[in-house]
Each structure stands twice: as C-alpha cells, then as structure tokens.
Amino acid sequence: MSPLLQSAVAIGVDIGGTSTKTAVVGEGPSVLKRRQLPMDSTETPAAVVEKLSVMLRELQTECGDTRLPVGIGCAGLVDSQSGVVRTSPNLPAWRNVPLVKMLSRELGIAAVLDNDANVFSIAEGLYGAARDSRHAVFMTLGTGVGGGLKLDGEIYTGSCGFAGEIGHITVDPDGPVCSCGSRGCLESFVGSARIVQRARMLIEEEGKQQEWLAFGIASLDELSAKDVGRAARDKNDIAVRVFEEIGEYIGIAVASVVNLLNPDIIVIGGGVSNVGAPLFQAVRAAVTRRAMGPSSECVKIEPAKLGEDAGVIGAAMKAAGIQEG
Ligand SMILES: [Zn+2]
C-alpha cells in the first residue's frame with residue numbers, strides 16, 4: 001500500500017459515453033491515482049456496474065480502506081436522492097437504472113450519485129474559479145448545457161434536487177422543441193450539435209467549403225464543435241460569428257439569472273467553453289447590455305479552473321460530505 005494513498009478522502013467516478021473515469025482524491029484536492037473503464041454502449045447497466053465495482057474495490061484495497069466513500073457524477077436526468085439514473089445522453093440504453101443501489105450492494109457501502117453539472121459545481125465552488133465566492137452560478141457547455149448553484153456559500157439543489165437547469169431557460173418562445181419537452185430552451189441554441197449545424201450552414205451559404213477543407217477538415221460532414229472552436233481561436237470569420245451568436249444566447253439566459261440571484265461569479269466550463277475569448281467576450285457583452293446595471297457591474301464571468309478533473313473531484317467531495325468551503 002502506498003503511503004500517499006492512505007491520505008485518500010474518497011473515490012470519484014465520472015461516467016461518460018466512451019469511458020468512465022475513476023480517481024482516488026485526497027485533500028487539497030489532489031488526484032492520487034486514476035483508472036479508466038472503457039464504455040461500450042451495447043453493455044447492460046448490470047455489466048458496467050460489475051466491472052466498475054471490481055475497479056472500485058481494487059482502488060479501495062490499494063488505499064487500505066475497504067469502506068472509502070464513493071461518489072458518482074453522471075450526465076443526464078439523475079435523481080440524486082433516490083440514486084437513480086433516469087436517462088443519460090451518454091448512455092442511451094440506461095433508463096431508470098438504480099445505480100446507487102446496485103453499486104452499494106456490490107461494494108457494501110452507500111455510494112452517492114449526482115448529475116455531472118452538480119459535481120462540477122461542488123468542485124469549482126470548493127477549489128476552482130468560485131472558491132472565494134459565496135454566490136456563484138455554474139454552467140457546463142457540451143452536448144447539452146448543465147448548471148448548478150452555490151448560494152450563501154452552500155450548493156443549492158432545490159426542493160427535489162433539480163435546481164440550476166440553466167440549459168432549459170427559454171431564450172426564444174418560438175424556438176425548436178427541446179429534449180425536455182419545452183420549446184426554445186438555451187440548450188437547443190448552444191449545444192455542440194447546434195454549433196456544427198450553424199457553422200455548416202454559414203460555410204455553405206457563403207461558399208467557404210474550400211477554405212475550411214484547407215483548414216485540415218477532411219469533409220464538412222465530419223465537422224465537429226471542436227473544429228469550429230479551433231477555427232474561432234484562429235479568428236476564422238464564420239467560426240467567430242457562430243460563437244458570438246451562441247454567446248448572445250447564453251448572455252440572454254445568464255442576464256435573467258444575474259437579475260434573479262445577483263451572483264458574484266458565473267463559472268463556465270465544459271468542452272465548448274475551451275474556445276475561450278470569442279465566447280466569453282460575447283457572453284460578457286450580452287450580460288452587460290441585458291442585465292440590470294448594479295447586478296451586471298458586480299458579476300464576473302470566468303472560465304472554470306479544474307478542467308477535466310472537476311467531475312471526479314466534485315463526486316469524491318460529495319461522497320466525503322465536503323460540499324462547502
Ligand atoms: Zn429544455
């Protein structure tokens with residue numbers, strides 16, 4: 001047993017579509033050890049839980065504590081109180097999976113579960129961009145838009161655990177139908193699929209196909225949100241416009257949240273936010289224009305700090321019962 005692993009606080013699990021990350025997390029926070037479990041969408045939840053519990057038991061044994069707490073973050077509609085994954089965009093075959101019950105039975109300890117945006121909020125609120133803030137709003141931008149809240153120094157989850165769904169604020173009453181059943185939600189205007197769709201539309205309209213193929217993209221059919229982000233960082237006109245457009249939509253939703261909660265910081269993370277300046281400038285400009293003066297003057301809009309470790313760190317801290325700084 002390594003002496004380093006004896007300082008472990010908990011194990012964090014970040015369930016993803018292609019791989020599930022696990023990490024032994026110590027105070028600080030420090031990631032003391034990592035393991036990855038490849039995910040196969042054809043596998044049943046029971047098969048995944050079995051493999052995951054073998055990995056977790058090995059990690060607990062290496063840490064010299066077979067009762068080391070385990071926390072799990074998972075994208076999608078997750079009921080943290082009952083420990084059930086209702087649906088997850090990463091795991092289309094998972095419907096109403098009692099993940100906590102299944103895993104706890106295997107491990108002999110009570111695991112905890114929350115959605116990926118909430119564990120991101122715990123991590124960024126404790127150790128990241130909002131560590132010195134008492135009133136923070138968190139957003140993750142990727143396939144979908146996740147959100148979380150830290151109010152008066154505490155993570156706020158609402159009456160039944162579903163607070164902070166910024167992605168489902170209406171930004172256009174006549175917009176497209178959203179996965180939640182409503183219409184014109186923020187998520188349908190800024191998710192990665194929308195970024196690709198808008199970029200492709202503008203490239204075709206303006207006849208810029210050759211310019212984009214020269215940019216190292218094999219075909220426009222294979223264009224990804226990451227490619228559009230890379231092009232925006234290289235100041236490509238169409239890509240910059242796409243991110244200005246999504247920044248405006250994010251700003252519309254954030255301005256309402258700023259008026260409602262008067263937070264000191266909005267922390268934005270997730271793959272789509274890696275584009276940096278073109279997005280953040282557009283969001284800041286829209287919030288300045290749309291939110292009420294005094295609230296907009298005292299809010300900072302900043303990128304997340306913990307990168308891809310936020311999920312495992314937040315999940316581990318939730319399991320260890322450390323949620324407030
Ligand atoms: Zn929605």
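This is a predicted model: local features need pLDDT of at least 70, side-chain atom pairs count only at pLDDT 80 or more; totals for chains, interfaces and linings use all residues.

## How two helices cross

Helix 5 covers residues 192–205 and helix 8 covers residues 237–261; their axes come within 10 Å and cross at roughly 135°. Angles over 145 degrees would count as roughly antiparallel and those from 65 to 115 as roughly perpendicular, so helix 5 and helix 8 are oblique to each other.

## Where the helices touch

Which residues in helix 5 meet helix 8? On the helix 5 side they are Arg-194, Ile-195, Arg-198, Ala-199, Leu-202 and Ile-203. Their counterparts in helix 8 are Ile-238, Arg-241, Val-242, Phe-243, Glu-245 and Ile-246.

Next, look for an open sheet of three strands, ordered 5-6-7 and paired antiparallel. Strand 5 (77–79) and strand 7 (95–97) are at the edges with a single partner strand each, so one side of each has no neighbour in the sheet. On average, neighbouring strands here are turned by 15° against each other, direction ignored.

Strand 6 (residues 84–87) runs antiparallel to strand 7, and two bridges join them. Within strand 7, Arg-95 stands opposite Thr-87.

## Charged pairs

Side chains of opposite charge can pair when their charged atoms come close. How many salt bridges does the structure hold? There are 16 salt bridges in the structure.

One of them to find on your screen joins the side chains of Glu-62 and Lys-33, at 3.0 Å from N to O. This pair links distant parts of the chain, 29 residues apart: Glu-62 belongs to helix 1 (residues 45–62), and Lys-33 to strand 3 (residues 30–38).

## Two backbone details in loops

Two spots in the backbone also deserve a look. Gly-28 and Pro-29 are joined by a cis peptide bond, with omega about 0°. Pro-29 sits in the loop between strand 2 (19–26) and strand 3.

The other spot is Asp-152, a residue other than glycine with a positive phi, near 55°. Asp-152 lies in the loop that runs between strand 10 (145–151) and strand 11 (154–156).

Definitions and conventions. Residues are numbered from 1 along each chain as its sequence is written. Side-chain values use heavy atoms; hydrogens and water are left out. Axes are lines fitted to C-alpha atoms, for helices over the stretch in contact, and angles run from 0 to 180 degrees between N-to-C directions. Helices (H or I, at least four residues) and strands (E, at least two) are DSSP runs, numbered from the N terminus. Angles under 35 degrees count as roughly parallel, over 145 as roughly antiparallel, 65 to 115 as roughly perpendicular and the rest as oblique. Contact means heavy atoms within 4.5 Å. Two strands pair if DSSP finds at least two bridges between them. A salt bridge is a side-chain nitrogen of Lys or Arg within 4 Å of a carboxyl oxygen of Asp or Glu.
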